Amino acid sequence: MGVTHHGRTERLDLADPTLRDWTCTVLAADAEQGIVLDRSAFYPGGGGQPPDHGVLLWQGVQTRITGTRKGDDLWLIPAEGDPVPPVGTQVAGAVEDTRRTLLMRTHSGLHVLCGVVFRDFGALVTGGNMEPGEARMDFNLPEVPADFKARLEELVNTEVGADRQVVTKVLGRDQALALPDIIRTQSNLIPADEQEIRIVDIVGLDVQADGGTHVASTAQIGKLQVVKVESKGKANRRVRVRLA
């Protein structure tokens, strides 16, 4: 696994998150196990971001892709009952654009949220989850001011409106871990044997290790609404957000 390949599959989704269609070859296929491609732009899920949906088109046939299974290879899971292309088949892949774009906007919005809470309130992330257009993020934040919800929404949208660049790069492990505050979660989730680390930099606000897909600038996120702030224990606060 890595930032350019997962097993035999070249990760086009990380090389270009705007890519929505491409051609590729089937390397393995099984109705139960799934399908392995030599090149794929399907984001396989991870770090709280769900996997992409989409289709494979081959010889006048459509195979819907509804998920992934990660192991030594990256297996795409076909919809139940859909035909599976034989090994060696040339296929056209297509990612469902609306879902992916919403997830990219949501994921980048969470990084803005994380950057603001870390900068202004000194809190680390303890958990999170996202769906297209909505998400939650938990913080180690024992005390919050009475106006926290409204203040946080204003601070976040100020950063969104600043149209900050969102830059991704790959660094060697030692170089990446030498960056200050690169781990924004309370526990370090980077595997001990991972020698290359992908960094997402919202320029001037937030730099952290991350393997997901993002928009090119914060203005593309659109307005982020802080829906609710909940207490989830003595020191844990859950912030629920959605794209407005």
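The structure is a predicted model, in which local features need pLDDT of at least 70 and side-chain atom pairs count only at pLDDT 80 or more, while totals for chains, interfaces and linings use all residues. Residues are numbered from 1 along each chain as its sequence is written, and side-chain values use heavy atoms, with hydrogens and water left out. Helices (H or I, at least four residues) and strands (E, at least two) are DSSP runs numbered from the N terminus. Buried denotes under 20% relative accessible area, exposed over 50%, and partly exposed the range in between (1.4 Å probe, protein chains only).

- Strand β9 spans residues 90–95; Val91, Gly93 and Val95 form its covered face, and Gln90, Ala92 and Ala94 its uncovered one.
- In a regular strand, side chains alternate between the two faces of the sheet.
- Strand β3 (residues 21–30) pairs with β9 in the antiparallel sense over five bridges, where pairing requires that DSSP find at least two bridges between the strands.
- In this pairing, Thr23 stands opposite Ala92 of β9.
- Strand β6 (residues 54–58) also pairs with β9 in the antiparallel sense, over four bridges, and Leu56 stands opposite Gly93 there.

- Asp30 belongs to strand β3 and counts as partly exposed because its relative accessibility is 34%.
- A polar atom of the Asp30 side chain lies 2.8 Å from the backbone nitrogen of Glu32. A polar contact is a pair of N or O atoms within 3.5 Å; within protein, one must be able to donate a hydrogen and the other to accept it, and residues adjacent in sequence count only if both atoms are side-chain atoms.
- Asp30 and Asp13 are 17 residues apart in sequence, with 23 Å between their C-alpha atoms.
- Thr63, in strand β7 (residues 61–70), counts as buried because its relative accessibility is 0%.
- The Thr63 side chain reaches the backbone oxygen of Pro83 at 2.6 Å.
- Leaving aside residues up to four places away in sequence, Thr63 touches residues including Ile35, Leu56, Trp58 and Pro83, contact being heavy atoms within 4.5 Å.

**Positive phi angles**

- Most residues other than glycine have a negative phi.
- Gln59, although not a glycine, has a positive phi of about 50 degrees; Gln59 lies in the loop between β6 and β7 and is exposed at 65% relative accessibility.
- Asp163 has a positive phi near 55 degrees; Asp163 is in the loop between α3 (148–161) and β12 (166–172) and is partly exposed, with a relative accessible area of 43%.

**Salt bridges**

- The count comes to 13 salt bridges, each being a side-chain nitrogen of Lys or Arg within 4 Å of a carboxyl oxygen of Asp or Glu.
- Arg39 and Glu10 meet in a salt bridge (3.9 Å, N to O). Arg39 lies in strand β5 (residues 39–40) and Glu10 in strand β2 (residues 9–11), so the pair ties together parts 29 residues apart in sequence.
- Asp138 and Arg238 meet in a salt bridge at 2.8 Å, N to O. This pair links distant parts of the chain, with Asp138 in strand β11 (residues 134–140) and Arg238 in strand β16 (residues 236–243), 100 residues apart; Asp138 and Arg238 are both buried.
- Lys228 and Glu230 meet in a salt bridge (3.9 Å, N to O).
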